[in-house]
Amino acid sequence: MNNGKKIKCVILDWAGTTVDFGSMAPLRVFSDIFAQRGLRLETDELRAPMGMPKLEHIRELLRMERPARLFREKYGRMPIDDDALGMYAAFEPALLKILHDFAEPLEGVCGAVRELRETGVKIGSTTGYTRKMMDIIAPLAKAAGYAPDCIVTPDEAVEGRPAPWMIFKNMERLGVYPPSSVVKAGDTAADIREGKNAGVISVGILRGSNELGLTRSEFESLPAKEVDERRQAARERFYLAGADYVLESIRELPAFVREMDKDD
């Protein structure tokens, strides 16, 4: 039981938070499908909408100033929604082919989830991936030791991030309320906004995050000063998006929840 506890549920993101250090799977495919159309986008541009449903991610990229200008220079017109739909038609099968390589739980995830569950906290999850995509990732993550109590995908809700509906569905399925008893933790600005829109406690996770924007090898090999600078910039972006708290690692979540319970 959860009697006397303030925090009853922690809802986690997937890529960049619990699996896939740096959200490399979608980043790679977004880069490829734009390059195939003669549009070479910068990594920071490709990462900016991360966390949104993937079709919405492509639409948002095509609305951004430089990508839209590159498209106009290449095709002599501004992009329309059919262009986004065509890109998504190429994106989905390409992503499905590689997701099995990006399903290993990140360091600290299994231990943090186990510790939270030992205190009666339920584990939910939301994502920018569709159910078809999660049907590849979830069984592999489970076999490696990570299985949340609930998974909600954008195609199962009225709307994906930054709308709150996936969080509300987690709360309903897990029987958890009020929103103040729920923590949403993720690695993108979209995660933060999703949490704020749902009225839950919204937490950014730095290590492995899209906002930090590093591969695992970059994170481990770059000079400490450069990593610290990127970490501080990511922290600021989380707070600009409305984060209530920012943690260095998912390993810190159990201690964070204990502190929240003390404050109550």
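The second largest cavity of this predicted model holds about 60 Å³ of space. Its lining is formed by Thr17, Phe21, Leu106, Glu107, Ile205, Arg207, Ser249 and Ile250. By class, these residues divide into four nonpolar, two polar and two charged.

A search of the whole structure for cavities of 30 Å³ or more finds two. The largest cavity has a volume of about 80 Å³. It is lined by 13 residues, of which Asp13, Ala15, Gly51, Lys54 and Gly128 are the closest to its centre. Four nonpolar, five polar and four charged residues make up the lining of the largest cavity.

| Cavity | Volume | Lining by class |
|---|---|---|
| Largest cavity | about 80 Å³ | four nonpolar, five polar, four charged residues |
| Second largest cavity | about 60 Å³ | four nonpolar, two polar, two charged residues |

The report now turns to helix α5. This helix covers residues 81-98, 18 residues in number, and reaches 26 Å from its first C-alpha to its last, close to the 26 Å expected at 1.5 Å a residue. Buried positions in α5 are Asp83, Ala84, Met87, Tyr88, Phe91, Glu92, Leu95 and Ile98. In an α-helix, residues three or four places apart point the same way, because there are 3.6 residues a turn. The cover over the buried residues of α5 includes the helices α1 (24-35), α3 (54-63), α4 (65-75) and α7 (131-143).

Definitions and conventions. Residues are numbered from 1 along each chain as its sequence is written. This is a predicted model: local features need pLDDT of at least 70, side-chain atom pairs count only at pLDDT 80 or more; totals for chains, interfaces and linings use all residues. Side-chain values use heavy atoms; hydrogens and water are left out. Helices (H or I, at least four residues) and strands (E, at least two) are DSSP runs, numbered from the N terminus. The expected span of a helix is 1.5 Å times one less than its number of residues. Buried means under 20% relative accessible area, exposed over 50%, partly exposed in between (1.4 Å probe, protein chains only). Contact means heavy atoms within 4.5 Å. On a 1 Å grid over the protein atoms alone, a cavity is a set of points where a 1.4 Å probe fits but cannot get out, and a pocket is an open set with protein on both sides within 12 Å along at least five of seven lines; lining residues have an atom within 4 Å of a point. Grid points are joined across faces, edges and corners, and a volume is the space filled by probe spheres set on the points. Ala, Val, Leu, Ile, Met, Phe, Trp, Tyr, Cys and Pro count as nonpolar, Asp, Glu, Lys and Arg as charged, and the others, Gly among them, as polar.
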